[in-house]
Amino acid sequence: MSAAEYKAAFLDAVLGLLWRQWSGLGVAAQVPAADDARVLDPEALLIASSVFCRYDQRLFDLAASWLVKYGLLVNPTRLKALVRKMHWGDGASLAYLAALRAQSGDKRWQRPAEQEASGATGLRPMFLHAGGEAPVYCRQRDELAARYGLLRTPFEYRDKLSRALPDSAATLLLRMRGMYGVSARADVIMHLLHAPATIQQLSDLSGFARSSVKEVLQELEAGNAVYAVERSRRNTAYALAHGAALRGLFGCESSRLVPWGGVFACLGRLWDLISNPLMERVSADTFRGELRLVFQEHVQPCFLTCGIRPLQHLTADTLHLLPAAIRELGLGIKD
């Protein structure tokens with residue numbers, strides 16, 4: 001498979017994954033929604049969409065419409081922290097999404113929208129093609145997008161969303177935020193619902209500051225909602241009381257957590273290499289060698305511990321199977 005062929009297959013597979021995940025969160029689509037027990041991460045999904053959905057305007061605008069409708073359940077502070085942790089994302093695209101949400105009256109999104117605003121007169125196309133070519137002219141441009149140096153036609157809200165969030169494992173975190181608030185509390189409870197953890201582990205998993213996690217645990221412990229299962233001078237592991245009852249309440253008896261932020265960051269690192277125009281000019285052996293190097297140094301450690309079997313089984317010698325492995329995710333295939 002040539003570099004160009006691999007690039008097309010990889011992008012198609014990732015966009016298919018994003019379509020399934022957005023469909024799992026209530027976006028109307030002609031693709032099956034995520035049909036497994038994995039909980040989706042809305043902030044990680046937005047970050048991945050800020051990059052890959054620039055190759056699919058329809059999906060980008062549907063994701064933006066979802067954010068306009070359900071943005072109250074998304075945490076912009078965690079989004080910013082996750083961008084730093086992932087070391088990846090499209091700042092201008094994310095800021096434009098934040099600005100669309102801020103226009104609906106949600107003041108929490110004003111600051112992230114303003115931080116990336118640029119007064120640049122030079123514009124670059126917002127939507128791209130895998131081959132590199134992109135439209136450079138719009139009869140009528142989106143002035144909000146132009147603030148971020150992006151050229152596109154005016155955004156139109158697409159009311160192709162479910163009336164309510166689907167009642168599934170995919171939306172567990174969002175539904176818990178609806179009950180416990182869009183703060184560290186809901187995220188901490190959700191993680192403890194799946195396994196005991198220390199304060200530092202919960203901070204790493206949730207993306208919230210250690211101090212915020214500690215405060216939440218103190219409140220939950222005072223109310224007998226959590227208890228210490230292992231105490232030590234440096235680390236205390238906490239477990240959730242009545243976890244089975246809470247799982248039944250949310251209908252998530254078999255739900256599973258996946259570090260989507262890390263998975264998407266790995267896919268993004270691979271895409272940075274694969275989409276480099278220079279890769280189409282080198283030999284097939286050189287391309288495979290560069291791909292193997294990035295995989296072994298930056299991607300494989302995450303894939304081995306992500307809990308997704310099709311990705312865990314990949315090796316430097318089977319990277320040609322990566323697009324197929326990505327296509328399996330969210331299709332109800334048991335792994």
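Q: Which helix gives the largest share of the lining of the second largest pocket?
A: In this predicted model, that helix is H4, which supplies five residues. The pocket holds about 370 Å³ of space, and 16 residues line it. Among them, Pro-76, Leu-79, Lys-80, Pro-112 and Gln-115 lie nearest its centre. Elements giving two or more residues to this lining are H4, helix H5 (91–103) and helix H6 (110–115).

Q: What makes residues in the lining of the second largest pocket count as charged, and how many are there?
A: Asp, Glu, Lys and Arg count as charged. By that rule the lining has five charged residues, along with seven nonpolar and four polar ones.

Q: How do you know which residues of H2 and H5 meet?
A: Contact means heavy atoms within 4.5 Å. On the H2 side, Leu-46, Ile-47 and Ser-50 take part, and they meet Ser-93, Leu-94 and Leu-97 in H5. By class, this contact has four nonpolar residues, two polar and no charged.

Q: Why does the word for H2 and H13 describe their directions as it does?
A: Helix H2 (residues 42–52) and helix H13 (residues 260–274) have axes that cross at roughly 15 degrees and come within 9 Å. Angles under 35 degrees count as roughly parallel. The crossing angle is roughly 15 degrees, so H2 is roughly parallel to H13. Here H2 passes H13 in a left-handed crossing.

Q: What makes up the contact of H2 with H13?
A: From H2 come Ala-44, Leu-45, Ala-48, Val-51 and Phe-52, which meet Trp-260, Gly-261, Phe-264, Leu-267, Gly-268 and Trp-271 of H13. This contact has nine nonpolar, two polar and no charged residues. Gly counts as polar.

Q: What makes up the lining of the largest pocket?
A: This pocket has a volume of about 650 Å³, and 34 residues line it. Lys-85, Pro-259, Trp-260, Gly-261 and Gly-262 lie nearest its centre. H13 gives the largest share of the lining, seven residues. By class, the lining has 18 nonpolar, nine polar and seven charged residues.

Methods
Residues are numbered from 1 along each chain as its sequence is written. This is a predicted model: local features need pLDDT of at least 70, side-chain atom pairs count only at pLDDT 80 or more; totals for chains, interfaces and linings use all residues. Side-chain values use heavy atoms; hydrogens and water are left out. Axes are lines fitted to C-alpha atoms, for helices over the stretch in contact, and angles run from 0 to 180 degrees between N-to-C directions. Helices (H or I, at least four residues) and strands (E, at least two) are DSSP runs, numbered from the N terminus. Angles under 35 degrees count as roughly parallel, over 145 as roughly antiparallel, 65 to 115 as roughly perpendicular and the rest as oblique. A crossing is left-handed if the near helix is turned anticlockwise from the far one by less than a right angle, and right-handed if clockwise. On a 1 Å grid over the protein atoms alone, a cavity is a set of points where a 1.4 Å probe fits but cannot get out, and a pocket is an open set with protein on both sides within 12 Å along at least five of seven lines; lining residues have an atom within 4 Å of a point. Grid points are joined across faces, edges and corners, and a volume is the space filled by probe spheres set on the points.
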